[in-house]
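User: Hello! Could you walk me through this model, a few questions at a time?

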Amino acid sequence: MGRKEDNIKRAETLLHRKEFIRNIGTAAHIDHGKCLDGNSRILLGGEGVAAKDLFERFARQPTVKETPDEIVKDLRGLDLRILALDRESRKFVESRLKYAWKLKATETLLRVTILGMQSVATTPEHEFLTWRGEDLDEVRARDLRVGDLVVARTPQSLGENARQFLGTTHRSLPNVSLAGLSSLVAKVVPIAEDVSAVPVVKLGYEVADFVYDFTVDPHHNFIAEGLVVHNTTLSDSLIAGAGMISQDLAGTQLFMDYDEQEQARGITINAAIASMVHDHEGKEYLINLIDTPGHVDFGGDVTRAMRAIDGVIILDDAVEGVMPQTETVIRQALKERVKPVLFINKVDRLVNELKITPEQMQQRFTKIITDVNTRILKQLPDDLKDKWALKVESGNVAFGSAFHKWAISVPYMKKTGITFRDVYKHCQEGTMKELSKKAPLHEVVLEMVIKHLPNPLQAQPVRIPVIWKGDMESPVGKAMLKVDENGPVGFMVTKILVDPQAGETAAGRLFSGKIRRGQELWVIGMPKPQRAQIVAMIVGPDRIPVEEIDAGNVVAVVGLKDAIAGSTVSDNKEMQPFEAIVHYSDPVVTMAIEAKSTQDLPKLVDTLRSIAKADPSIQVEINQETGEHLISGMGELHLEITIYRVQNDYKVPVITSPPIVVYREGVRGKGGPFEGKSPNKHNRFYFEVEPLEQAVVDAIRAGDIAAGQRIKDSKALAKKLEELGMAKDEAKSVVWFEDTNVLVDATKGIQYLHETMELIKQAFIEEAMRKGPLAGEKSMAVKARLVDAKLHEDSVHRGPAQVIPATYRAIYGAMCQAGRILLEPLTKVYVNVPQDVMGSAIGEVQSRRGVIEDITQEGDHSIIVAKAPVAEMFGFATAIRSATAGRAFWSTENVGFQSVPTDLQPDIVRKIRERKGLPPEPYDESYYAA
């Protein structure tokens, strides 16, 4: 049996041994770091093709991973050959092109120009192969200096046409003398036939929206603009961004170790999933690792992934410190009772860039750990605070450099005798290869995972009472607490994966029972059972079909057609569903999309339905006034990637509008009672409206109060609402929560009201709260209280056509009296910038109605924290790069809504109404009283 088959067999055996399973995730705002700009030409079959064009050629290939930050295409089926450098023979040889990457650029690129004027722009973290003495070495772009020797195909002009070459180069480098150029030519080192080490003559900066990378096996490099573009086996893991699994693990890592002729492959994965077998202290462990995207636009995917895992590795940047996304990830993890550990990355940058002392390095670590710990402890119940707190001495904190593949923790230091001073010395002297042999990253990090993150048997008794509100004494409740494979099936779908071969695949966490191939299962809430056609382990872009999978594992099931992300699946159709997965942020950006050709309209409708099913963070609706399809997402990038999928994956040519901001409507004060009359004048409803208590709004957003579903326990709800500040009578009379709005029945003893209440509720949900009276935007934080009603005794005169208009007109009129306000989404802006351009960065933020909340100094850098309206942030990426000469690093996080300034509201309202085809001015209360 070969190594691949052996590893799969080992993993299949461990599926049944719960104490040796770890379901974990990584989460952070991390850059891929080894990419080049789209204009750089790649040598493919003797043809130079721009990286961007080369990627676009593969649009129809299976998608391995897709987030707003990156798209990865699987090219293995094409058997493409590309020129790469074999480091042992030092010759250019054909290698296999396996994956193509397109990633959002988050840093300024470095343009490296070598003698011969060949140049390539890459991310600062990208490694170049260089010639040091008599050997090849990898050096990051940020560490290159003019005169360094970079490995390249020998520029032909360096031979017989040297004179012409020198003239050309001299014109491009006017500050360099011909004598200087001649001396640089003399530095060229012929390494082998067609391979030379050529000096760097120029370094510069430039910006790009996207960067590209290509995975080449087995040599892990390719030729771009004549230079050897080196990438590591980290790319092969396809856990981009996590950057924590060393190439030393390749022998046991299942992600790339599978039979390429397996029955099925090509699942589209947003949160990349990799299973690996790791040996620790003589025992084997199955580690299911979900790498969640760090970009704020894709936070919904992080939230859903948290439901499937039991532990999370929070990656924090030693230089940047705790970023907004870190706080968000901690909040999401703890809400799901997912236990965190901490990995502080890029420690080498503290030494090499900030030039700090060993004492200052430890102070920096202490500050980061304290900051993260504070955020963890304030969100944990008392019984978990001590157990889950980060304690360096216990080993649930590790430090290291993912790039250089080393890590350290206090227990590992005690075991090996390595000290912080040793680490500092290796960083300072650039001998981190040696350090990676003494303290391999995968060994330290996976030891931390095994010792400090729980197995399913330990995790589920803590997690189940939080994520499932059913009867713990019921058969399914008991089975989930014990992770009993012989109990009823309790399966939570966290992701719908689109597989070109098998169709939709439901992936998620199996908390109890056993799922077998051919088994009949119920998607709770759906009328008919469905059959599990394929049951599989998810192993990167492939799935490994198995006959059955036990509780405690991450599972993929083909055949559950009715499932969406968030569905509960069981073999008992009466099982109470899991709690809804609530993301902390709403979609805040919308665009209109329509098919270029009317014949593609049905296909577009189906496509949008599939996309919304796979990614609940995308909301799709049809504007009845204009007939447009509107899609809303977390940000510009989220929508950009979605449109890309519609056009390239689903092959539907579309026309889109520029992105626009999603506003909300609310009220300033109290309004009403306002009378709403039915069209036949036989029914009258009297409503009062006021803002909903902020504590109640926060509880709805946190998922502590369920919105959009039937109230199960009205007494428990009333008690909770009273604690949150709602009046006792109101708390007992709540009829329905819709988003962050509430309908209250404050009437007493009105005849026929009970049988009319469903229609009142429908009017509240589908009309009043979905389209506010100011600009037709959704309502937010509104309390609508029915205080009186006069109803016709004959039910024929109390039908939908009478009750619904009367209800929403009464609510609209009361909102007019209460003072209608438009609410705009806010984003938290985090900018890290050198002090000499700090003023320009602050000016750029403030010019967008941004409010500076904090400015701190870290070495020669300033960290600016501000809040700004999302509407003002379009084009910010280009503007901040321009204002700071490309030297700023920034990130954003959506942080709720605030009132639009009074002087701006009329103009914004008018524009929204005109765009929707409504009269420019909103109606006043007299219109609704008529």
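Here are some questions and answers on confidence, a sheet, cysteines and cores.

User: What pLDDT does the protein chain average?

Analyst: This is a predicted model, in which local features need pLDDT of at least 70, side-chain atom pairs count only at pLDDT 80 or more, and totals for chains, interfaces and linings use all residues. Residues are numbered from 1 along each chain as its sequence is written, and side-chain values use heavy atoms, leaving out hydrogens and water. The pLDDT is the predictor's confidence in each residue, from 0 to 100. With 83% of the residues scoring at least 70, the chain averages 80.

User: Over which residues does pLDDT stay under 50, with 158 contacts beyond four places in sequence?

Analyst: A contact means heavy atoms within 4.5 Å. One stretch with pLDDT below 50 is 293–299, which has 32 contacts beyond near neighbours in sequence. The stretch with 158 such contacts beyond four places is residues 232–272.

User: Which strands stand at the edges of the open five-stranded sheet?

Analyst: Strands are DSSP runs (E, at least two residues), numbered from the N terminus, and two of them pair if DSSP finds at least two bridges between them. The order is β41-β42-β46-β44-β43, with mixed pairing. Each edge strand has a single partner, so one side of it is left without a neighbour in the sheet; these are β41 (671–677) and β43 (734–738).

User: Which residue stands opposite Arg684?

Analyst: Strand β42 (residues 684–691) pairs with β46 (residues 782–790) in the antiparallel sense over eight bridges. β42 also pairs with β41, again antiparallel, over five bridges, and there Gly676 stands opposite Phe685. On the β46 side, the residue opposite Arg684 is Lys790.

User: Which residue takes a positive phi in the hairpin of β41 and β42?

Analyst: This hairpin has six residues between the strands. With a phi near 65 degrees, the residue is Lys681.

User: How many disulfides does the count come to?

Analyst: A disulfide is a pair of cysteine sulfur atoms within 2.5 Å. Buried means under 20% relative accessible area (1.4 Å probe, protein chains only); Cys427 is buried at 1%, and Cys816 is buried at 15%. By the sulfur rule, the count of disulfides is zero.

User: How many residues are in the largest nonpolar core?

Analyst: A nonpolar core is a set of buried Ala, Val, Leu, Ile, Met, Phe, Trp, Tyr and Cys residues joined through side-chain atoms within 4.5 Å. Ile344, Met361, Phe365, Phe399 and Ile408 touch the most other members. Beyond four places in sequence, the contacts of Ile408 include Phe399, Met413 and Val444. The number of residues in this largest core is 62.

Terms used: Helix = DSSP H or I, 4+ residues; strand = E, 2+ residues; numbered from the N terminus. Buried < 20%, exposed > 50% of the residue type's maximum accessible area, 1.4 Å probe, protein only.
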